Amino acid sequence: QRSLPLSGGIGSHHSAETGKVWVNSGELNNKGVEITVNANIINTRDWGWSVNATASHNVTTITNIGEEGESMGLLRSRGGFSEGGVYWKNGQPMDLIIGYQTEGIVQIGDSHKHLEGDDALPGEFLYKDITGDGELNADDMVVLGSAQPKWGVGFGTNLTYKGFDLDVQFNGLLGHKVISSQKFSNAKKVN
């Protein structure tokens with residue numbers, strides 16, 4: 001048996017170069033409630049019909065992500081400058097989505113000192129310069145939402161007749177944001 005070299009339990013995506021391996025060393029705190037209601041509507045010798053409904057609400061907080069205290073799953077990166085993604089940080093809810101806030105579309109004749117070249121052309125996203133320093137960089141990123149749903153819901157019904165049954169279930173998630181990688185990759189980004 002051979003042990004793998006660990007460096008403080010934290011891995012690198014260049015594990016072959018650094019001698020580190022990925023280790024799942026994070027800790028989460030999950031609190032929530034779930035409610036289920038079942039009802040037998042019909043219950044005879046030949047027929048049966050029942051329905052059920054479920055609702056759940058969970059909040060997951062990161063309590064320990066490791067030595068660095070934060071991590072980001074990038075959508076795209078150029079030269080160390082990230083363009084948004086899913087963000088994890090100690091003490092924060094899990095799967096926060098961060099990126100640039102838009103304030104419209106660049107119009108003909110518009111002049112914005114934080115946009116240059118193709119990014120300043122009419123029809124491109126007009127990103128908000130949050131810091132007001134005339135540059136668009138990582139300091140201008142804001143929390144756009146969370147990938148974690150606020151509610152999980154479900155509804156089901158079961159119909160039986162003699163030896164046959166039909167079971168139908170519907171499930172859904174509410175109150176979360178979804179990153180469209182297709183829309184994201186089609187949008188031009190600033191440097």
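Predicted model: local features only at pLDDT ≥ 70, side-chain atom pairs only at ≥ 80, totals over all residues.
Which residues does Leu144 touch, not counting residues up to four places away in sequence?

**Figure 1. Leu144 and the residues it touches.**
Leu144 is found in strand β10, which covers residues 142-146. Leaving aside residues up to four places away in sequence, Leu144 touches Ile97, Ile98, Gly99, Tyr100, Gln101 and Lys177. One of these, Gly99, is 45 residues from Leu144 in sequence, yet the two C-alpha atoms are 6.6 Å apart in space. Leu144 has a relative accessible area of 39%, so it is classed as partly exposed. The cut-offs behind this class are under 20% for buried and over 50% for exposed, with partly exposed in between.

Strand β7 consists of residues 96-99. On one side of β7 are Leu96 and Ile98, and on the other are Ile97 and Gly99. All four are buried, so both faces of the strand are covered. For Gly99 in β7, the relative accessibility is 5%, and this residue therefore counts as buried. The C-alpha atoms of Gly99 and Tyr87 are separated by 9.8 Å, and the two residues are twelve apart along the chain.

**Figure 2. The pairing partners of β7.**
Which strands pair with β7? One partner is β6 (residues 85-89), which is antiparallel to β7 and joined to it by three bridges. In this pairing, Val86 has Ile97 of β7 as its bridge partner. Strands β6 and β7 form a hairpin, with six residues between them. Gly91 lies in the turn of that hairpin and has a positive phi of about 85 degrees. Strand β10 also pairs with β7 in the antiparallel sense, here over four bridges. Within this second pairing, Leu96 stands opposite Ser146 in β10.

**Figure 3. An open sheet of four strands.**
The strands of this open sheet come in the order β1-β2-β11-β12, and their pairing is antiparallel. At the edges are β1 (27-43) and β12 (164-174), each of which pairs on one side only. On average, neighbouring strands of the sheet are turned by 10 degrees against each other, direction ignored. Inside the order, β2 (residues 47-64) is joined to β11 (residues 151-161) by ten bridges, and these two strands run antiparallel.

**Figure 4. The hairpin of β1 and β2.**
Three residues lie between β1 and β2, which together form a hairpin. Their antiparallel pairing extends over 16 bridges. How many of the 17 residues of β1 are buried? The count is zero, and β1 is hardly covered.

**Figure 5. Ser56 in strand β2.**
Ser56 lies in strand β2. Is this residue buried or exposed? Ser56 has a relative accessible area of 15%, and because the limit for buried is under 20%, it is buried. Not counting residues up to four places away in sequence, Ser56 touches Val33, Glu34, Lys150, Trp151 and Gly152.

**Figure 6. The aromatic pair of Trp47 and Tyr161.**
The structure holds two aromatic pairs. In one of them, the rings of Trp47 and Tyr161 are 4.6 Å apart, centre to centre, with 45 degrees between the planes, and the pair is tilted. Trp47 lies in strand β2 and Tyr161 in strand β11, so the pair ties together parts that are 114 residues apart in sequence. Tyr161 is also the bridge partner of Trp47 in β11.

**Figure 7. The whole protein, for orientation.**
Two helices and twelve strands make up the secondary structure of the protein. Along the sequence, the pattern is α-β-β-β-β-β-β-β-β-β-β-β-β-α. Of the 191 residues in the protein, 24% are buried. Among contacts between residues at least 6 apart in sequence, 53% join residues at least 24 apart. The protein exposes about 13,200 Å², and carbon and sulfur atoms supply 52% of that area.

How values were computed. Residues numbered from 1 in each chain as written. Heavy atoms only, no water. Pairing = 2+ DSSP bridges. Axes fitted to C-alpha atoms, helices over the stretch in contact; angles between N-to-C directions. Buried < 20%, exposed > 50% of the residue type's maximum accessible area, 1.4 Å probe, protein only. Contact = heavy atoms within 4.5 Å. Phe/Tyr/Trp six-rings, centres within 6.5 Å; stacked < 30°, edge-to-face > 60°. Areas by Shrake-Rupley, 256 points an atom, 1.4 Å probe, with all protein chains shown as cover.
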